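Subject: Structure handover

Hello,

Please find the structure below, followed by notes on what was found in it.

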Amino acid sequence: MASLSKIPTLCSNFILPLRPLVCSTLSNVRHYTLPSRNRHPVALYNDLKDKVALVTGIGQAQQTVDPSQWGNGAAAAKLLANNGVKVFGCDLHLKDAERTKQRILEDNQDAIVEVWEADVTKSHDVSAVVQRVLDKFSRIDILVNNVGMSRPGGPADMSVDAFRSQLEVNLTSTFLCCHEVLPIMEKQRAGAITVTSSIAGLGYIGKMHIGYSTTKAALLNFAKCTAVQYAPKGIRINAVIPGLIRTPLVERLAKEYQAGNYEKLVKRRDEGVPLGRQGTAMEVANATLFLVSDAASYITGTSLTVDGGVTAVVSNKG
Ligand SMILES: NC(=O)c1ccc[n+]([C@@H]2O[C@H](COP(=O)([O-])OP(=O)(O)OC[C@H]3O[C@@H](n4cnc5c(N)ncnc54)[C@H](O)[C@@H]3O)[C@@H](O)[C@H]2O)c1
């Protein structure tokens, strides 16, 4: 049995043979294979066509070791666009957001994707982005709160500034986006929102990242309480809980904490997962896609864990 102590650090993932992802068996769902290297079956939900989505952190940082990987926000944008959703993505780094747009259009020339530079920890930036989406598409049906970051350290050794910055990026960003978007969805009498938590929000995962773990846990309750308040208004909100996912973040983690040894970090992360490998951003995005589609019309105030079985392990002794 995989041990929790072997789960090395928060985010990541890596190559490995891509295994088929089992998607919903609902009758209105068709499947197709992405025409690129990411060969996961991806669901197509008919109800998503022509909807409008705002995705935060859509950026695709330039990778050197493994450029085929996607960030979680970028992957969500791609799968939404492939379902006919008009996607508006924002990111701190416009160049990275533009890269995602290019990658989406490379596979699907009909995709509708707009990108914008914004820091979603700043309320005026969030207001401006939301106004921009309305100017462009007149409505917002889907909000994917994706931005997040982690810093190592516990309550005594982490600087106050580092802790506060994680509150801002991981939690305040989601509050600000919901603060602006919920009244719009309320007028529409419909909407679907996801927040991006992490298995680190469920407990200790082998390393101290107190700011990350605390904020990712808080997001789960944010989703639950908001879901109850907005259920009568036809708005659903759920959390996605990714495990160890191989995004561009992993390359950065290797540089920052593993002296650039990407392969070693990948191996360690793979070893901690019962399925024997880290997940891909597309596998996380498939969960997001399901939750914002009408296939999940009776699902609100809950979470979907995408972790290859990591959190099914309850003991590392014995
Ligand atoms: N990669 C993993 O293993 C993993 C695991 C669990 C949860 N997650 C969560 O998934 C989400 C995305 O992670 P990722 O691995 O794709 O990360 P990433 O760093 O590759 O991508 C995040 C994107 O968000 C952007 N961003 C950061 N702060 C921003 C801000 N203030 N305003 C606007 N944009 C901002 C970054 O520029 C980047 O493009 C995060 O919430 C992360 O915590 C990731």
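Helices (H or I, at least four residues) and strands (E, at least two) are taken as DSSP runs and numbered from the N terminus. On that basis the chain has 8 helices and 11 strands. This is a predicted model: local features need pLDDT of at least 70, side-chain atom pairs count only at pLDDT 80 or more, and totals for chains, interfaces and linings use all residues. Residues are numbered from 1 along each chain as its sequence is written.

Overall

A residue counts as buried if 20 or more other C-beta atoms lie within 10 Å of its own, as exposed if 12 or fewer do, and as partly exposed in between, with C-beta atoms placed from the backbone. The chain has 318 residues, and 50% of them are buried. Two residues are in contact if their C-beta atoms, again placed from the backbone, lie within 7 Å. Of the contacts in the chain with a separation of 6 or more, 75% join residues 24 or more positions apart.

Helices α4 and α5

Axes are lines fitted to C-alpha atoms, for helices over the stretch in contact, and angles between N-to-C directions run from 0 to 180 degrees. The axes of α4 (residues 160–188) and α5 (residues 210–230) come within 9 Å and cross at roughly 15°. On the α4 side the contact is made by A162, F163, Q166, L167, N170, L171, T174, C178 and L182, and on the α5 side by G211, Y212, T215, K216, A218, L219, F222, T226 and Y230. By class, this contact of α4 with α5 has 11 nonpolar, 6 polar and 1 charged residues. Here Ala, Val, Leu, Ile, Met, Phe, Trp, Tyr, Cys and Pro count as nonpolar, Asp, Glu, Lys and Arg as charged, and the others, Gly among them, as polar.

Helix α2 (residues 94–107) has 14 residues, which at 1.5 Å a residue should span 20 Å, and its end C-alpha atoms are 21 Å apart, which agrees. The expected span is 1.5 Å times one less than the number of residues. Buried in α2 are D96, A97, R99, T100, K101, R103 and I104, and the buried residues of α2 pack against α1 (72–82), β4 (86–91) and β5 (113–117).

Strand β5 holds E114. E114 is partly exposed because 17 other C-beta atoms lie within 10 Å. Leaving out residues up to four places away in sequence, E114 touches F88 and K136.

Helix α6

In α6 (residues 248–257), the residues P248, L249, V250, E251, L253 and A254 are buried. Their cover includes β9 (245–246) and α7 (262–271).

Positive phi angles

Most residues other than glycine have a negative phi. Just after α6, A259 has a positive phi of about 50°. D50, in the loop between β2 (41–45) and β3 (52–56), has a positive phi near 75°. D50 is exposed, since it has 12 other C-beta atoms within 10 Å. S138, which is not a glycine, has a positive phi of about 70° and lies in the loop between α3 (123–137) and β6 (142–145). With 8 C-beta neighbours inside 10 Å, S138 is exposed.

Regards
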